[in-house]
Amino acid sequence: MCGIVAYIGDKEAKPILIKGLHRLEYRGYDSAGIALINGGLKIYKTKGKVSDLEAKIEGLKLDSTIGVAHTRWATHGEPNSINAHPHHSNSQKLAVIHNGIIENYDVLKKALIERGYQFYSETDTEVLVNLIEDIQKNEQVVLDEAVRIALNQVTGAYAIAVLSEENPNKLIVARKGSPMVIGIGDGEFYVASDATPIVEYTKSVVYLAEEDMAILERGKEIKLKTIKNKEKTPYIEALEMDLTALEKDGYDHFMLKEIFEQPRSIRDSMRGRLNADKGIVSLGGIADYEQKLVNAKRIIIIACGTSWHAGLVGEYLLEDLARIPVEVEYASEFRYRNPIITENDVVIAISQSGETADTLAAIALAKEKGATILGICNVVGSSIARSTDAGSYTHAGPEIGVASTKAFTAQVTLLTLMALRLAQIKGTIPASRWMQLLHELESIPSKIEKTLQSADVIKEIAWQFKDVSNFLYLGRGYNFPVALEGALKLKEISYIHAEGYPAAEMKHGPIALIDNNMPVVFIAPNVGIYDKVVSNIQEVKARNGKVIAIVTEGDEVVRSMVDFVIEIPVTEELFTPLLATIPLQKLAYHMAVMRGCNVDQPRNLAKSVTVE
Ligand code: F6R
């Protein structure tokens with residue numbers, strides 16, 4: 001949720017930290033701060049964005065070759081400069097940045113108050129930094145030992161970096177439940193919540209595992225141990241990340257760039273996995289688990305938000321093609337509802353970031369009950385990817401816009417490949433039909449290229465409806481999840497209230513909302529139960545609703561009934577989500593831009609939800 005970045009070495013720390021914060025700003029952006037050692041520990045922080053922090057410290061001479069910085073998504077205490085990180089200890093000699101939640105902070109705080117400590121913010125982090133100071137004082141131990149002892153007293157989640165005025169050549173970092181990666185340079189270290197601030201300096205990284213801590217000393221080797229004091233050999237990995245993927249590349253926003261990247265990201269997700277001419281579908285990452293999947297009593301898909309919507313499309317695909325029963329669960333509900341899970345169940349966890357706290361907890365629960373856990377993640381080396389038995393990465397590339405776009409279509413692509421592979425093994429569809437589907441799937445990226453060209457009509461629709469307060473999205477079958485996803489995109493970036501429903505459910509309540517001010521988006525390609533969807537459109541038009549329809553190119557029936565149409569190329573019903581989602585992403589994008597919203601960093605949201 002928050003972004004943390006730290007540096008120790010021989011370079012000037014401030015520009016590295018500020019640039020790193022910009023890269024991590026998608027994780028949280030309600031306040032930001034930096035701490036450096038410059039003739040003593042200096043902390044600067046402010047409410048607002050990283051650019052506000054930059055403005056605040058502009059012109060200050062802050063020479064320092066060690067520092068920590070933070071961009072925040074508030075959990076404890078409102079976003080203001082007092083609650084912003086870094087937090088210092090009462091002596092003002094220690095500073096801590098923290099991502100996560102210390103659950104027992106209240107008990108610890110009371111004990112520290114009794115021992116004379118004062119607190120200025122409402123945060124759990126200020127408790128942690130004073131706890132470290134208290135231990136250092138009372139136990140007479142070195143900084144890293146004090147951090148280690150403190151971490152054994154806290155419950156909850158953390159990724160922390162500790163800076164000490166008295167140890168200007170040392171940085172202590174640790175993680176539990178929140179991600180942290182360390183870049184290894186030449187006698188220097190870069191630390192961050194993900195690899196994006198590190199990639200331009202070094203490609204050698206160490207991902208901290210749960211309850212790991214690292215002692216980073218200028219000019220020395222990294223020292224790694226667990227918080228239980230067990231020494232570990234660092235596993236240095238090569239970072240595979242392209243720096244250009246982190247830039248806007250001429251687009252106004254990351255979200256728009258990512259929408260337009262989808263033909264590429266889907267091709268990348270299919271590369272080496274689909275060869276229609278040779279009749280091959282293979283997902284190497286889960287090859288050893290195919291029999292387990294085929295024999296599974298059922299598949300349980302767990303995810304949150306947009307990834308949950310991809311899971312719903314997966315349910316249609318896996319049941320339809322492979323005839324395996326599927327349940328799709330919100331991870332946050334699954335983990336707390338005492339679900340029935342057996343060793344014959346296969347759980348598929350879907351997550352772009354691979355760090356979503358509820359999904360991680362749901363995986364832990366399913367694991368405990370003996371289920372096999374597979375993952376579909378975008379971020380390589382992420383916590384979810386590491387906590388599953390096996391899995392497949394989507395190759396969407398870094399997704400920076402907070403609203404998920406290319407990750408969704410990449411997730412659906414992987415689920416499609418999985419369903420096709422299982423259908424092949426089980427023989428649930430005739431071979432000729434199976435081959436036909438493979439060829440059609442291969443053509444989807446170029447059909448998306450075509451879909452992406454329909455800019456003018458979408459801008460016109462956005463202009464027409466940009467001032468409304470409500471929107472309804474309706475679809476059936478494979479396009480019901482698309483309706484949910486379209487509504488989510490609109491509400492999260494434009495702040496217009498939007499609901500997605502199965503089109504036939506409209507009669508059971510939402511129809512009461514229809515009047516001549518109510519825009520209704522129908523996902524109505526000419527596939528499946530198209531005629532039923534046409535009847536649903538008539539029901540809305542009969543009540544003077546304004547209808548925008550996503551239709552198959554050349555559809556004159558729906559065009560004659562509705563106010564606006566957006567065409568998508570002809571495809572098989574099961575692939576329509578991959579095409580129909582595109583115009584809905586663009587509609588949300590243009591509406592948000594026309595309403596003056598911050599598209600890439602919508603209010604109250606963060607890209608990676610590492611708190612439950
Ligand atoms: C919406 C969006 C969120 C995420 C959700 C799960 O555009 O991005 O709804 O889909 O927070 O995140 P991941 O996929 O990282 O587990």
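Q: Which backbone atom of Gln-352 lies 2.7 Å from the ligand, and what kind of ligand atom does it face?

A: This is a predicted model. In it, a backbone N or O atom of Gln-352 lies 2.7 Å from an oxygen atom of the ligand.

Q: How many residues surround the ligand, and which are the closest?

A: The ligand is surrounded by 15 residues. The closest are Ser-307, Ser-351, Ser-353, Thr-356 and Glu-492.

Q: What describes two packed helices?

A: Two values do: the angle between the axes and the distance between them.

Q: Which residues of α9 and α16 make the contact?

A: From α9 come Gly-305, Thr-306, Trp-308, His-309, Leu-312, Val-313 and Tyr-316. From α16 come Phe-480, Pro-481, Leu-484, Glu-485, Leu-488 and Lys-489. By class, eight are nonpolar, three polar and two charged.

Q: At what angle do α15 and α19 pack?

A: Helix α15 (residues 455-465) packs against α19 (residues 576-594) at about 50 degrees. Their axes are 9 Å apart. That angle makes α15 oblique to α19. The crossing of α15 past α19 is right-handed.

Q: Which residues meet where α15 packs on α19?

A: On the α15 side are Ala-455, Ile-458, Lys-459, Ile-461, Ala-462, Trp-463 and Phe-465. They meet Pro-583, Lys-586, Leu-587, His-590, Met-591 and Met-594 of α19. This contact has 10 nonpolar residues, one polar and two charged.

Q: Is the peptide bond from His-85 to Pro-86 cis or trans?

A: Start with the general rule. Most peptide bonds are trans. The bond from His-85 to Pro-86 is cis, with omega near 0 degrees. Pro-86 sits in the loop between β4 (66-72) and β5 (87-88).

Q: Is the phi of Asn-229 positive or negative?

A: Again, the rule comes before the case. Most residues other than glycine have a negative phi. Asn-229 is not a glycine, yet its phi is positive, about 75 degrees.

Q: Where does Asn-229 lie?

A: Look in the loop between β13 (223-226) and β14 (231-232) for Asn-229.

Notes
Residues numbered from 1 in each chain as written. Predicted model: local features only at pLDDT ≥ 70, side-chain atom pairs only at ≥ 80, totals over all residues. Heavy atoms only, no water. Axes fitted to C-alpha atoms, helices over the stretch in contact; angles between N-to-C directions. Helix = DSSP H or I, 4+ residues; strand = E, 2+ residues; numbered from the N terminus. Parallel < 35°, antiparallel > 145°, perpendicular 65-115°, else oblique. Left-handed = near helix turned anticlockwise from the far one by under 90°. Contact = heavy atoms within 4.5 Å. Nonpolar A, V, L, I, M, F, W, Y, C, P; charged D, E, K, R; others polar. Near = heavy atom within 4 Å. Polar contact = N/O pair within 3.5 Å; in protein donor to acceptor, adjacent residues only side chain to side chain.
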